[in-house]
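Take a moment to turn the model on your screen. Then read on, and keep the picture in view.

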There are 2 protein chains.
Amino acid sequence: MKIVELRECTVPLQGNISNALVNFSSHSVSLIAVITDVVRNGQPVSGIAFNSIGRFAQGGLLRERFFPRLMAAPAETLLKTDSSGFDPAKVLALVMANEKPGGHGDRAAAVGGLELAFWDLNSKLAGEPAYRQIAASYGNNTVGETVPVYAAGGYYHPQKRLNGLVDELKGYQDLGFQDFKIKIGGASLSEDIKRLEAAIKIAGSSHRIAVDANGRFDLETAQNYARELAEYELRWFEEPGDPLDFELNRHISKAYVGPIATGENLFSTVDTLNLVRYGGMRTDKDIFQMDPGLSYGLTEFARMLGVIETAGHSRSFVYPHGGHMINLHVVLGLGLGGCEAYPGVFQPFGGYASGCLDGQGRARAIEAPGFGLEAKPGLKPWIDRLLA
Amino acid sequence: MKIVELRECTVPLQGNISNALVNFSSHSVSLIAVITDVVRNGQPVSGIAFNSIGRFAQGGLLRERFFPRLMAAPAETLLKTDSSGFDPAKVLALVMANEKPGGHGDRAAAVGGLELAFWDLNSKLAGEPAYRQIAASYGNNTVGETVPVYAAGGYYHPQKRLNGLVDELKGYQDLGFQDFKIKIGGASLSEDIKRLEAAIKIAGSSHRIAVDANGRFDLETAQNYARELAEYELRWFEEPGDPLDFELNRHISKAYVGPIATGENLFSTVDTLNLVRYGGMRTDKDIFQMDPGLSYGLTEFARMLGVIETAGHSRSFVYPHGGHMINLHVVLGLGLGGCEAYPGVFQPFGGYASGCLDGQGRARAIEAPGFGLEAKPGLKPWIDRLLA
């Protein structure tokens, strides 16, 4: 069994929306295929994945560095011991050869998408959904059938007013979502509070609403928001400051009684270790949101879990960034706290295939082999084009 | 005045050598040109720079993200207030639009090389060497004529023995170098000590020899090395552990009485802030080695200097990674501690143009406008090709 070809296709992300810091209209995602010489039903078995949402496609790095290293490797050096598939840890070690430590940025996303494609591939070779491969690989014997899922939205549109936010959240409710996240920090504190109160009213409880500042605030602004937000008893307060400003996070964890969530912009085990060491994260409430597709894939993500569990945190407090089908399998397979979903935005990657949402705030994976990306209507044409 | 075209050329780095962690034979560097509509002597005035040494070229990121953003910007939004050149801080802000915080890796090198090309351009527009532009921009009124320079070498070659190391260092002495850095961690501790003792014998004093582990060691190994190295009173002990493992650095700073050097793999102000906050760096001895070409350029590098100076460190303890002509101008212009040089390796970027080395352990810039890269023989053909 060997890799015949590696392919990447840069897919633009749909949506002229903004959080407190960035507009997503120029963002893109790398859709990646690992094509093997194994033929089933007249087609080569191929692993498909992408590098998550919210940053950029990595076609350049993949073609310049990572694809050539993988293609140059003798096939047997990448296989699992029993030859039933490819060993993602071996793939990771090989593509990272001669890369220096530090600098966990774009390459973490390039390698993340590539490593995840091997999980899709292995699952297809085994004829099972990816969450079962993941659970078996990491010794999780108690895989649930569904996981909690919340709708992430409430972005700042150029022309959207309070009514627009209300309509948006009602739309998510119609889809069966019960918990929601909205953006803060892209407007004044007083306007953000109005948005928050409108959202709480729709949701029926402040415990159902999380707010996300996307790393925008300096310490003083974060403290001002923390003071105002505290009385609402929210689901969580996400990324108050720069994701690497662990000192700011520690200050807010002391000042804000509710849960803090962060980690989506930490792309390595050592960065996660620093959050745990210095960020003041509380084991009884705070939320970790690292995203395998931006962080060298599932192998490195599992090491991050190891770091936070060693420090006394529970994986039930892990809600990976990235509301899409790959992370649904990751959450199910590893028994994490729950999933994000972007039902209205970030197409064709955001959201889930038909049948995944149970209409009561929980999600299940479909039973198609792999991540089941082929079952997501908007994504299928891109996969077909990639494999054509 | 406007930008007519942006170009990048990926140049392979010469040398099948290794440090404790990586082999450099596959490494590459982006040579970047900013071509303007200003014509002098029948040629467009063009800024030239590169993204330093030790990682990889960034042609993909430059062409996919950063070049298009810059070309889409109205020219006047990038100019200095007096229109005498382009404002590097405006260039940086513009190319980083809609980039999320965190993830300071490959993009920091792509943007670093690009931002530095504007310093070369501005200096050529002003008809002066870059160090004078840099000094004036950052209010340094006391620019020295020369700066200390040390020869970085002592890499692990596939076939090289102790004699090879001795010959290498003698060769650097013949070029006028008096201070040297050699690699450790790519062999056993006992073999590394033999290498170190051979190097000290050549240099005539242990104070002239620094050792560099390139981030390889875990805490226990770093402590073992620190114990053995302490008695030698070396120039410095560089990157004992992972560059982001600030806790390890703090432990070694407590255990090792001599200077520690680190920072070449920190690519942002916030990462540098974390080193200062958590790494145990001592204001009276420890060395910072951030490299503008890997760290979003000189604008961000100056912010890093601000962070370490605010914490009580002196810029005379800053020795940027990257032994090449760009950083010679940076060290001169900002009044930093000194320069690295790779006289034998990393061609065509490593080392200096004829006339830069004074033969007594110090270096000066040549008086050609800009960074003077055109005066470096091995580099000139690549620049000609880029501009052809």
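Predicted model: local features only at pLDDT ≥ 70, side-chain atom pairs only at ≥ 80, totals over all residues.

Start with chain A as a whole. Chain A holds twelve helices and eleven strands. Of the 388 residues of chain A, 56% count as buried. Take the contacts in chain A with a separation of 6 or more: 72% of them come from residues 24 or more positions apart.

Now zoom in on one sheet. Three strands of chain A form an open sheet in the order 1-2-3, with antiparallel pairing. Strand 1 and strand 3 of chain A are the edge strands, as each pairs on one side only. On average, neighbouring strands of this sheet are turned by 25° against each other, direction ignored. Helix 3 of chain A, residues 106-126, packs on the sheet. This helix touches strand 2 and strand 3 of chain A, and its direction makes about 140° with that of strand 3.

Go through the strand pairs in turn. Strand 1 of chain A covers residues 3-12, and strand 2 covers residues 28-40. Nine bridges join these two strands, which run antiparallel. Where can you see the pairing? I3(A) stands opposite T36(A) in strand 2 of chain A. T10(A) has S30(A), also in strand 2, as its bridge partner. Next comes strand 3 of chain A, residues 43-50, which pairs with strand 2 over seven bridges, again in the antiparallel sense. Here V34(A) stands opposite G47(A) in strand 3. Strand 2 and strand 3 of chain A form a hairpin, with two residues between them. One residue in the turn, N41(A), has a positive phi of about 50°.

Move on to the core. The largest nonpolar core has 231 residues. Which of them touch the most other members? They are A117(A), F180(A), A117(B) and F180(B). Look at F180(A) with its neighbours within four places in sequence left aside. F180(A) is then in contact with Y150(A), A151(A), G153(A), L169(A), Y172(A), A199(A), A203(A), R208(A) and I209(A).

Now look at where the two chains meet. In all, 38 residues of chain B are in contact with 38 residues of chain A. Four elements of chain B give two or more residues to the side that touches chain A: helix 1 (59-72), helix 3 (106-126), helix 8 (246-255) and helix 9 (269-278). Helix 1 of chain B gives the largest share, six residues. By class, this side of chain B has 13 nonpolar, 13 polar and twelve charged residues.

H251(B) is found in helix 8 of chain B. Is H251(B) buried or partly exposed? A buried residue has 20 or more other C-beta atoms within 10 Å. H251(B) has 19, so it is partly exposed. The C-alpha atoms of H251(B) and P377(B) are separated by 44 Å, and the two residues are 126 residues apart along the chain.

Conventions. Residues numbered from 1 in each chain as written. Chains lettered and ligands numbered in written order. Pairing = 2+ DSSP bridges. Contact = placed C-beta atoms within 7 Å. Nonpolar A, V, L, I, M, F, W, Y, C, P; charged D, E, K, R; others polar. Buried ≥ 20, exposed ≤ 12 C-beta atoms within 10 Å, placed from the backbone. Axes fitted to C-alpha atoms, helices over the stretch in contact; angles between N-to-C directions. Core = buried A, V, L, I, M, F, W, Y, C linked by C-beta atoms within 7 Å.
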